[in-house]
Amino acid sequence: TFVQTQNTLANGTPATTLAVTLIGVGAGNLVVLWFKHEGASTGLTCTGDGTLDEGTYFSHGNADLHGQFFYKLSSTGGDTTYTVTLDAGRTFRRVIAMEFSYAGTIVFDAQSTGTGNGTALSSGNIATTGTEELVLGGSGEYASFTISAMQVNGLAADGSVNPDTAIYYAMWRRRFTATFTGAATATISGAADWICAAIAFKEAAAAAEV
């Protein structure tokens, strides 16, 4: 169940950190962050509730547009500031954090990344393996176009964060109750270089009785 979201942006001045704060995070909840930056590729880490687990860091062929998911499967809880730290100062940093509550146990399931140029964004397919699944998409665009039609596996997102038509990034979410093979997709209003990623989490099977 979606709980809350916050986002932070920084523009042309290079720096090595960007932070976002969630107030009153529920103990045991899932937190997922999407981060993008411009400039040359560099190493990233995310801390705030310990060190967060990392999705795949990936880059556009233009060598100037990069993105990565981070996640905490079971949060400590409370007001939490998550800080993405870069190995070198970079411009146009963006971060979105989303919190979700759940019952039982969840685990990372799958991820995929895609890059291209044009108006149709796609993460490339993921093949999910759970019947209780949360899938998130994240994008970064190289121009100030409007983003729309945010979907996962051809179905409209349950919710999204697109802070402004000139902010160059977005994140969206969709819950599923059956497995699928499909992509996180979106449309931008003009052709540009873009990156797009998907990451999925599933309810873990209960341990067998002995």
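Me: How do the residues of the lining of the largest cavity divide into nonpolar, polar and charged?

Reply: This is a predicted model, where local features need pLDDT of at least 70, side-chain atom pairs count only at pLDDT 80 or more, and totals for chains, interfaces and linings use all residues. Residues are numbered from 1 along each chain as its sequence is written, and side-chain values use heavy atoms, with hydrogens and water left out.

The lining of the largest cavity has five nonpolar residues, six polar and no charged. Here Ala, Val, Leu, Ile, Met, Phe, Trp, Tyr, Cys and Pro count as nonpolar, Asp, Glu, Lys and Arg as charged, and the others, Gly among them, as polar.

The structure holds one cavity of 30 Å³ or more. About 40 Å³ of space lies in the largest cavity. A cavity is a set of points, on a 1 Å grid over the protein atoms alone, where a 1.4 Å probe fits but cannot get out; lining residues have an atom within 4 Å of a point. The volume is the space filled by probe spheres set on the points, with grid points joined across faces, edges and corners.

Now the lining itself. Trp34, Gly55, Thr56, Phe58, Gln68 and Phe69 are among its residues. Gln111, Ser112, Thr113, Ala197 and Ala198 also line the cavity. Strand S7 (65–72), strand S10 (106–122) and strand S18 (184–203) each supply at least two lining residues. The largest share, three residues, comes from S10. Strands are DSSP runs (E, at least two residues), numbered from the N terminus; helices would be H or I runs of at least four.

Strand S12 (133–141), strand S16 (169–176) and S18 each give two or more residues to its lining. A pocket is an open set of points with protein on both sides within 12 Å along at least five of seven lines. The pocket lining has eight nonpolar residues, two polar and eight charged.

Last, the setting. The protein has zero helices and 18 strands. Its radius of gyration, taken over C-alpha atoms, is 16 Å, close to the 17 Å that the globule rule gives for 210 residues, so the protein is as compact as a globular protein of that length. The globule rule is 2.2 Å times the number of residues to the power 0.38. Buried residues (under 20% relative accessible area, 1.4 Å probe, protein chains only) make up 47% of the 210 residues.

Note on methods: Buried < 20%, exposed > 50% of the residue type's maximum accessible area, 1.4 Å probe, protein only.
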